[in-house]
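Please read it with the structure open.

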Amino acid sequence: MFLIIFTSVLVSIVLFLHYFFTKVDADLTLYVHDYLDNITKSLRGKVVWITGSSSGLESTWLKTKCIEIGLTEDDVFVLPFNMTDYDVHEECVRKVLQKFHKLDVLVNNAGRSQRASFDEIDIKVDKELFDVNVFSTLNLTRKVLPHFLENKAGHFVVTSSCVGKWVTASSASYTGSKHALHGYFETLRTEMTGKNIAITMLCPGPIFSHFLENAFTGATGQKFGQ
């Protein structure tokens, strides 16, 4: 009897792992919450600021989709700015607060990918990629944090990646940047204990967009283009 039960459990585990690694496009935590959580209900009435999407999800398309599902023109605010221009971050925060008079969720979604073998990567590429994926996100988060603390509530969401937990070949700088985000924001999570400031790390798999076309390579000034 024990052998039958053990075999059944083992087969179930193998089937689950096969399904997970061939069908699931995210880490297990994100996959479960994607199906269990009522996102629409939890976000109703909240102001959500999503950075990035200029080349990946495309902000103008996103605004159109928001209006199609019931939001008004006044509900959606497209705010163009360069994430690596740290000097404008504080002004952008002020514009968002002037527009909506509050901010509930900051989704740190801006970033670029990379395709190059480890030995081909110029150190300048590492610096440029971290500037986009890590340092710009940290700076904007630090500009928003005082508002969250003043209102005693807030939610930081960070678009990481499955490679933020694991690794993959031919994208060392990108993988390193995602691991760095986990280090920074898990530290912030610890420091915000008891202050009603939530941290969510999203770890999706591949997305279908122009994201990879604009990815870094191993040399400065180059785009992957595929």
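## Notes on the predicted model

1. Lys99 sits in helix H5 (residues 89-100), while Asp74 sits in the loop between helix H4 (59-68) and H5, so the pair ties together parts that are 25 residues apart in sequence. Asp74 is exposed, because its relative accessibility is 54% and the cut-off for exposed is over 50%.

2. Which residue does Glu90 meet in a salt bridge? The partner is Lys143, at 3.7 Å from N to O. That distance qualifies because the rule asks for a nitrogen within 4 Å of a carboxyl oxygen. The pair links distant parts of the chain: Glu90 belongs to helix H5 and Lys143 to helix H6 (residues 123-151), 53 residues apart. Both ends are partly exposed: Glu90 has a relative accessible area of 47%, and Lys143 has one of 32%.

3. A local pair is found in helix H7. Glu186 and Arg189 form a salt bridge, with 2.8 Å between the closest N and O atoms. The two residues are 3 apart in H7 (residues 172-191), so about one helical turn separates them. Glu186 is partly exposed, with a relative accessible area of 32%. Arg189 is partly exposed too, at 33% relative accessibility.

4. The largest nonpolar core has 26 residues. Those touching the most other members are Trp49, Leu103, Val144, Phe156, Phe185 and Leu188. At least two residues of this core come from each of H5, H6, strand E3 (154-159), H7 and strand E4 (197-202). H6 gives the largest share, 6 residues.

5. What does Leu103 contact, leaving aside its neighbours within four places in sequence? The list is Val47, Trp49, Val96, Leu97, Val144, His147 and Phe148. Two of these, Trp49 and Val144, are also named among the core residues that touch the most other members.

6. Next, the strand pairings. E1 and E2 run parallel and are joined by 3 bridges. Strand E2 (residues 105-108) also pairs with E3, in the parallel sense, over 4 bridges. E2 therefore has a pairing with E1 and another with E3, as each meets the requirement of at least two bridges.

7. Ile50 has Val107 in E2 as its bridge partner. Val107 in turn has Val157 in E3 as a bridge partner. Val105 stands opposite His155 in E3.

8. Side-chain directions in E2 come next. Are the residues of E2 buried or exposed? Val105 and Val107 point one way, Leu106 and Asn108 point the other way, and all are buried. Asn108 is therefore under 20% relative accessible area, the cut-off for buried. E3 is mostly covered as well, with 5 of its 6 residues buried.

9. The surface also carries nonpolar side chains. Ile39, Leu43, Val48 and Ile50 make a nonpolar patch of about 300 Å². Helix H3 (39-43) and strand E1 (48-50) each supply at least two residues of this patch. Ile39 lies in H3 and counts as partly exposed, at 46% relative accessibility.

10. One last point concerns the segment after E4, where Pro204 is found. How far apart are the C-alpha atoms of Pro204 and Cys162? They are separated by 5.7 Å, although the residues are 42 apart along the chain. Pro204 counts as partly exposed, because its relative accessibility is 21% and buried means under 20%.

Definitions and conventions
Residues are numbered from 1 along each chain as its sequence is written. This is a predicted model: local features need pLDDT of at least 70, side-chain atom pairs count only at pLDDT 80 or more; totals for chains, interfaces and linings use all residues. Side-chain values use heavy atoms; hydrogens and water are left out. Buried means under 20% relative accessible area, exposed over 50%, partly exposed in between (1.4 Å probe, protein chains only). A nonpolar core is a set of buried Ala, Val, Leu, Ile, Met, Phe, Trp, Tyr and Cys residues joined through side-chain atoms within 4.5 Å. Contact means heavy atoms within 4.5 Å. Patches are made of residues with over 30% relative accessible area and no salt bridge: like charges are joined within 9 Å, nonpolar side chains (Val, Leu, Ile, Met, Phe, Trp, Tyr) within 5 Å. Accessible areas come from the Shrake-Rupley method with a 1.4 Å probe; for residues, only the protein chains shown count as cover.
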